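The exercises below are to be worked with the sequence and the 3D structure at hand. Each task is followed by its solution.

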Protein chains: 4
Amino acid sequence: MIIVLKEKTLSKQVKDLVNLLSQTGCQTSIFQENGRRYLRLNGCTICEAEEYVKDFNCIESMVFSPYPFEMASRSFKKKKTEFLVKKVRIGGSKIVMAAGPCAVEDRETLFRIARDVKSAGADILRGGAYKPRSSPYSFQGLEKEGLKILSEVGSLVDMPVITEVIDQYSIETVASYSDIIQVGARNMQNFRLLKELGQVRNPVLLKRGMSATIEEWLMAAEYILAEGNGKVILCERGIRTFEKYTRNTLDLSAVPVASGLSHLPVFVDPSHGTGRWKYVKPMSMASLAAGADGLVVEVHVTPEKALCDGEQSLLPEKFAEMMSSLKKVALTLDRTL
Amino acid sequence: MIIVLKEKTLSKQVKDLVNLLSQTGCQTSIFQENGRRYLRLNGCTICEAEEYVKDFNCIESMVFSPYPFEMASRSFKKKKTEFLVKKVRIGGSKIVMAAGPCAVEDRETLFRIARDVKSAGADILRGGAYKPRSSPYSFQGLEKEGLKILSEVGSLVDMPVITEVIDQYSIETVASYSDIIQVGARNMQNFRLLKELGQVRNPVLLKRGMSATIEEWLMAAEYILAEGNGKVILCERGIRTFEKYTRNTLDLSAVPVASGLSHLPVFVDPSHGTGRWKYVKPMSMASLAAGADGLVVEVHVTPEKALCDGEQSLLPEKFAEMMSSLKKVALTLDRTL
Amino acid sequence: MIIVLKEKTLSKQVKDLVNLLSQTGCQTSIFQENGRRYLRLNGCTICEAEEYVKDFNCIESMVFSPYPFEMASRSFKKKKTEFLVKKVRIGGSKIVMAAGPCAVEDRETLFRIARDVKSAGADILRGGAYKPRSSPYSFQGLEKEGLKILSEVGSLVDMPVITEVIDQYSIETVASYSDIIQVGARNMQNFRLLKELGQVRNPVLLKRGMSATIEEWLMAAEYILAEGNGKVILCERGIRTFEKYTRNTLDLSAVPVASGLSHLPVFVDPSHGTGRWKYVKPMSMASLAAGADGLVVEVHVTPEKALCDGEQSLLPEKFAEMMSSLKKVALTLDRTL
Amino acid sequence: MIIVLKEKTLSKQVKDLVNLLSQTGCQTSIFQENGRRYLRLNGCTICEAEEYVKDFNCIESMVFSPYPFEMASRSFKKKKTEFLVKKVRIGGSKIVMAAGPCAVEDRETLFRIARDVKSAGADILRGGAYKPRSSPYSFQGLEKEGLKILSEVGSLVDMPVITEVIDQYSIETVASYSDIIQVGARNMQNFRLLKELGQVRNPVLLKRGMSATIEEWLMAAEYILAEGNGKVILCERGIRTFEKYTRNTLDLSAVPVASGLSHLPVFVDPSHGTGRWKYVKPMSMASLAAGADGLVVEVHVTPEKALCDGEQSLLPEKFAEMMSSLKKVALTLDRTL
């Protein structure tokens with residue numbers, strides 16, 4: 001249960017309220033978002049809580065979620081969360097397109113890709129600097145050098161950038177070079193990482209874990225929200241099933257389900273979701289039609305030479321062609337791209 | 001490997017060819033589709049077969065499929081399979097909409113639903129007469145009585161009808177009342193049923209099994225095709241995974257994958273795929289955008305009283321509203337609905 | 001809810017009871033097992049039913065199951081179901097071993113295998129005559145000819161036999177040649193087949209479907225029980241998951257779970273469960289330790305030439321060696337083999 | 001490919017070899033285990049490598065793995081890995097039993113549990129101090145305080161202890177209090193954590209990820225081995241499937257499969273694997289019979305009051321009873337417990 005405090009509530013009043021509640025055996029935690037304070041209660045029923053606080057006039061409302069996630073739920077916030085990343089609005093009626101290579105390989109290649117996706121209409125440049133790989137012997141990314149290249153190329157083409165963080169050590173570094181921080185599927189339940197990302201200012205794109213239920217995914221978002229970072233983007237990227245013709249099974253129903261349960265913007269990554277470039281266009285079209293607020297797509301100028309995920313990367317010309325089809329679909333949905 | 005025989009090949013020539021091949025240890029089976037004859041070979045390599053038959057001038061072409069399915073593959077037939085069910089064209093540029101209740105309950109209810117979905121633009125009327133149910137104690141359908149009602153109401157509203165067959169005994173009866181015969185997910189690998197459906201004239205809508213790979217699904221279609229019935233419609237209806245917020249996980253990637261591998265039309269059933277009526281519209285939109293050739297949707301006038309699947313049935317007014325959105329999406333895809 | 005009638009209840013009394021109950025809106029169905037009659041009620045609460053029938057003195061007890069299956073549940077029958085197949089006792093303290101080839105290939109081969117498994121201590125001879133195969137072009141079994149060979153060889157070595165039935169048409173034939181009738185994983189929800197098997201006298205071994213929950217499996221058994229055939233053996237044979245090193249994922253927890261929920265004997269098929277002969281011994285050992293009442297194992301004299309499933313078939317000498325290890329494990333469990 | 005260097009190889013010789021190999025474009029990395037040095041090669045074929053190094057007499061052997069894991073494979077080390085944790089031998093013929101509560105709750109409770117499991121024959125005391133929980137609002141463990149209690153109680157009852165590490169920050173602390181360090185299922189692909197654990201001296205128990213293939217699990221072990229820590233224990237704890245009667249699906253086939261592919265000891269956690277205390281005994285029995293080298297079992301004096309996982313915790317008396325049954329099974333396997 002969450003108590004929403006009135007805007008001008010004094011710290012003294014909050015303290016009194018917390019004291020009172022803790023005397024009743026009800027645990028509380030305070031958090032703040034956009035200058036407003038909230039109290040989360042644990043260990044008491046709604047009826048009890050309402051009884052306890054009825055004489056406090058600093059309370060604006062009390063929110064109860066029928067789900068285990070609270071701050072991520074539509075009960076807490078009815079309107080879709082919207083925010084700006086540089087000039088790009090996330091969660092608005094314009095559908096957001098993030099595109100770029102699996103990994104930052106070198107400055108030249110990234111620049112060529114960035115220029116191409118930008119001119120085709122992409123909003124955000126993606127590229128991995130730290131790569132979580134199944135094998136310790138595979139290419140692990142250019143790390144800090146990759147971050148620098150990404151940031152520099154992003155500035156050159158005037159696009160905000162997104163890249164993945166794979167441990168707590170490098171959060172600060174990644175946060176200083178990248179506009180949005182991505183949490184990969186394998187780290188979706190790395191709770192320490194999530195908690196620390198709750199304390200940075202950068203928006204976080206949270207990929208759904210390979211075998212995570214939608215509820216666990218929203219609980220992972222809750223970890224970030226509960227620490228005070230409200231700028232979380234959910235990203236469906238396929239779940240693991242028995243099917244072999246695709247790398248993962250893209251669970252597009254997760255888009256309307258998560259959008260119904262939560263106010264957080266929902267993106268889709270059809271590149272990892274299918275693992276084959278030729279299915280990226282139809283599944284991008286489908287993602288938009290299912291209600292996605294954005295897409296993350298892998299593009300490479302020479303997919304056959306890419307250091308990772310070449311099989312699922314689109315050539316820039318295919319990407320451009322896809323963009324023009326996607327724009328038409330967006331219009332029928334009363335959105336733009 | 002399949003040998004396509006020239007149109008005017010004499011039976012004598014076919015016989016000679018079969019004899020020759022069997023002497024080499026190569027097994028053959030003959031089948032016929034649209035008046036043309038084919039020979040399927042087993043147990044010899046392409047090179048051997050080419051050598052054996054090189055002097056026969058009744059051979060038009062030889063087809064080799066890189067997949068275990070042959071007649072269902074694009075190697076065998078490059079163009080999408082198209083056919084008419086009464087006046088409704090399946091597999092053409094017009095996307096086909098089948099709608100109706102989970103089960104035929106009574107004449108009045110079915111007629112009201114039929115009239116409503118017809119006026120909203122549906123092409124085909126669906127309704128179950130034989131219901132495969134997990135529990136022996138649940139409503140099992142009106143059986144033959146249901147078939148009669150379905151057929152009669154279909155005539156009244158001038159729509160072809162589709163219903164499920166659940167065993168071999170009733171194939172003949174179902175075939176005489178229903179324009180299209182549906183094979184449910186639980187029967188996708190009921191191979192005897194498939195073989196017998198290969199010998200009827202009605203088109204067959206083949207639902208994907210709950211845990212069937214796309215390859216197994218196409219092999220199930222092969223069973224029907226190999227017996228001479230080329231009018232098979234594939235229908236994705238969700239696979240079983242760990243996710244709970246939806247009844248099944250609708251695998252929309254199966255649409256472009258199956259359409260790439262096979263010439264058979266691909267439909268989607270978003271009602272079973274999601275199990276919740278409120279996700280039917282977004283997933284129907286997504287199905288079209290992913291390239292589906294048709295949809296099968298459950299509609300009921302009083303879902304809360306439906307004898308089965310009420311939770312996933314749309315009210316007629318919701319269905320009509322969905323149809324107008326779907327028509328707009330179809331147009332951006334250069335198709336109609 | 002099930003009403004257990006006293007042994008000497010007259011038909012007239014049953015009729016009166018049914019009439020009374022149907023007047024109250026409560027649906028009833030009568031079934032008989034081992035000469036005793038039962039009434040299953042649908043559509044009334046326990047309290048109502050108890051009220052209605054309180055004046056009838058032909059009622060021995062009323063059974064309510066907290067699960068959707070009733071006759072298959074431990075609430076209905078506390079003691080493990082036991083029965084004889086020729087001289088072999090199923091469900092007793094002796095663990096039962098069924099062994100033999102995937103398919104009956106010819107008389108000689110089957111006889112050699114039968115003699116070998118018999119002398120190693122197997123109780124029942126298995127062999128497929130009708131084979132459900134993913135591909136219409138694969139070997140489909142010797143059919144009736146195979147049944148005859150199986151039955152004949154079984155007599156020669158004095159072992160009861162088990163084989164699979166794959167459609168309703170052949171139930172009668174299979175029932176006349178085979179002591180136990182097997183329902184394969186793909187047919188676990190072929191409800192018509194189950195209903196008809198409820199009317200034969202042969203015991204039925206019901207394999208768990210590839211993606212069936214334990215509850216669905218018990219409901220499938222319920223279909224057979226509800227028609228009057230109480231001799232059902234449950235058989236776990238692996239479920240479909242993402243893991244590749246094994247053909248299926250053998251879910252051994254299903255053994256204690258099903259044994260806890262149901263009185264039916266539970267067997268395990270480690271051959272299909274793993275798909276590799278070298279894992280058959282450890283998983284057979286584990287099956288016993290988990291509480292299995294029997295095993296079904298594939299054995300072949302020349303696995304590399306077997307017409308199906310050679311990869312998962314044990315050589316007779318490996319089988320014999322496994323048997324001696326299994327016997328030791330059985331003893332520690334206070335059972336024999 | 002791995003080059004095993006002779007025991008007395010001089011650093012100079014190693015340097016020359018590395019230089020030569022790198023001139024040919026072949027990447028090398030050196031690692032050391034038990035005082036012996038190895039070279040891992042990347043980017044050249046076996047033939048090339050053999051040609052390059054043929055004149056070097058410091059080479060003892062060259063090892064090629066047919067799998068993506070190399071150091072974890074049986075090709076690299078034929079014999080099962082054995083090591084001591086205090087006086088407990090892991091990987092030997094004695095099966096190792098780790099037992100204790102899900103979480104360390106307080107000194108008294110832990111001491112009572114420890115004394116009980118010790119007297120029933122357990123070898124290692126388990127207890128969580130850092131708990132990864134789906135919800136940010138659930139009990140997260142006593143953290144450092146919990147470590148102290150665990151270590152102290154371990155000393156009192158003279159048992160080595162095991163606890164989970166959930167991030168890199170706390171590795172050093174955990175390593176100083178706990179004899180064995182556990183990596184939980186959710187962190188199985190937290191590659192940074194694995195790399196750092198490759199540099200500690202403590203053995204690492206690596207749980208299989210919820211949706212990890214056996215190959216990915218062994219690759220995760222490879223991350224630790226490749227950094228120089230050879231004391232890795234694999235632990236199967238159930239994978240995620242559609243089945244609901246158990247919390248996870250314990251994949252016992254993973255025991256013989258992993259034991260065949262790798263020389264690392266394989267443990268099983270039947271408590272998480274089933275999620276219900278009453279299935280812990282049968283699945284423990286089955287684990288031993290399948291060839292497990294050890295078990296990790298949750299035990300609590302008051303399961304109904306446990307701060308986590310009470311449903312799957314055994315009472316000490318049930319644990320003791322289970323131990324005596326397990327001992328008998330161990331003997332039939334020519335092992336002890």
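**Exercise 1: a helix and a sheet in chain D**

Helix 1 (residues 11–23) of chain D lies across strand 1, strand 2 and strand 3 (36–42) of chain D, and runs at about 150° to strand 2 of chain D. Helices (H or I, at least four residues) and strands (E, at least two) are DSSP runs numbered from the N terminus; axes are lines fitted to C-alpha atoms, for helices over the stretch in contact, with angles from 0 to 180 degrees between N-to-C directions. Residues are in contact if their C-beta atoms, placed from the backbone, lie within 7 Å.

The model is predicted: local features need pLDDT of at least 70, side-chain atom pairs count only at pLDDT 80 or more, and totals for chains, interfaces and linings use all residues. Residues are numbered from 1 along each chain as its sequence is written, and chains are lettered from A and ligands numbered from 1 in the order in which they are written.

Task: In which order do the four strands of chain D form the open sheet?

Solution.
1. The order is 2-3-1-4, with antiparallel pairing; two strands pair if DSSP finds at least two bridges between them.
2. Strand 2 (27–33) and strand 4 (59–63) of chain D are at the edges with a single partner strand each, so one side of each has no neighbour in the sheet.
3. From one strand to the next, the twist averages 25°.
4. Strand 1 (residues 2–5) and strand 4 of chain D are joined by four bridges; Leu5(D) has Ile59(D) as its bridge partner in strand 4.

**Exercise 2: the contact of chains A and B**

Task: Which helix of chain B gives the largest share of the side that touches chain A?

Solution.
1. Chain B and chain A each bring 31 residues to the contact.
2. Helix 10 of chain B gives the largest share, seven residues.

Technical notes. Two residues are in contact if their C-beta atoms, placed from the backbone, lie within 7 Å.
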